[in-house]
Amino acid sequence: MVATRSATKANAKPPLYKVLVLASRPNTLAASFTPVLVGHCVTRHLLGNAADANKSFRFWVFACLIQIGTNLHNDYADFLKGADDENRIGQARATQKGWLS
């Protein structure tokens, strides 16, 4: 009986905000932050005070949104191809688990 309860808890749908955070894969957001930071530092070095940190911050937000959109598309495409099934090892994918439908 205990094993059944833990299995049910493992398959239960988490709250929507947790699903969205999980689906966005926050551990990959460094892939969007690092190039923007390097670009801002190079611009700051070359242009001095003419480099606008506000523009760099807005560009970083945009890069994060692109990264999140790419992660969601990849999750969906893997689900359609059958790459993410119940035998998948690693972090749960929201589309595979049916949490975004």
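Predicted model: local features only at pLDDT ≥ 70, side-chain atom pairs only at ≥ 80, totals over all residues.
Among contacts in the protein between residues at least 6 apart in sequence, 59% join residues at least 24 apart, where contact means heavy atoms within 4.5 Å. Numbering runs from 1 along each chain as its sequence is written, and side-chain values rest on heavy atoms, with hydrogens and water left out.

The inventory is quickly told. There are five helices and zero strands, and from the N terminus on the elements run α-α-α-α-α. Both kinds of element are DSSP runs numbered from the N terminus, with helices being H or I over at least four residues and strands being E over at least two. Of the 101 residues in the protein, 20% are buried. Buried here stands for under 20% relative accessible area, exposed for over 50%, and partly exposed for what lies in between, using a 1.4 Å probe and protein chains only.

Now to helix α2, which covers residues 16-24 and has V19, A23 and S24 as buried residues. Looking down the axis of α2, these buried residues fall within an arc of 125°, so they line one face of the helix; the arc is taken from the directions that lead from the helix axis to the C-beta atoms. What covers the buried residues of α2 includes α4 (53-81) and α5 (94-97).

S24, which sits in helix α2, counts as buried at 10% relative accessibility. Setting aside neighbours within four places in sequence, S24 is in contact with I68 and N71. T70 of helix α4 is partly exposed, with a relative accessible area of 45%. The C-alpha atoms of T70 and S24 are separated by 8.9 Å, although the two residues are 46 residues apart along the chain.

N71 is found in helix α4 and is buried, with a relative accessible area of 5%. Not counting residues up to four places away in sequence, N71 touches A23, S24, R25 and T28.

R25 deserves a word of its own. This residue follows α2 and has its place in the loop between α2 and α3. Most residues other than glycine have a negative phi. The phi of R25, though, is near 50°, a positive value in a residue other than glycine. R25 is also buried, with a relative accessible area of 9%.

Next comes the pairing of α3 and α4. Two packed helices are described by the angle between their axes and the distance between the axes. For helix α3 (residues 30-47) and α4, the axes come within 8 Å and cross at roughly 155°. The axes are lines fitted to C-alpha atoms, for helices over the stretch in contact, and the angles run from 0 to 180 degrees between N-to-C directions. α3 and α4 are therefore roughly antiparallel to each other, given that angles over 145 degrees count as roughly antiparallel, under 35 as roughly parallel, 65 to 115 as roughly perpendicular and the rest as oblique. The crossing of α3 and α4 is right-handed, a label used if the near helix is turned clockwise from the far one by less than a right angle, with anticlockwise giving left-handed.

On the α3 side the contact is made by A31, S32, F33, V36 and H40, and on the α4 side by A53, S56, F59, W60, A63, C64 and Q67. Sorted by class, the contact of α3 with α4 has eight nonpolar, four polar and no charged residues. In this scheme Ala, Val, Leu, Ile, Met, Phe, Trp, Tyr, Cys and Pro are nonpolar, Asp, Glu, Lys and Arg are charged, and the others, Gly among them, are polar.

A30 also lies in helix α3 and is partly exposed, with a relative accessible area of 45%. From A30 to Q67 the C-alpha to C-alpha distance is 9.5 Å, for a sequence separation of 37 residues.

Last up is F79, another residue of helix α4. F79 is partly exposed, with a relative accessible area of 38%. Apart from neighbours within four places in sequence, F79 is in contact with T95 and Q96. F79 and Q96 are 17 residues apart along the chain, and their C-alpha atoms are separated by 5.8 Å.
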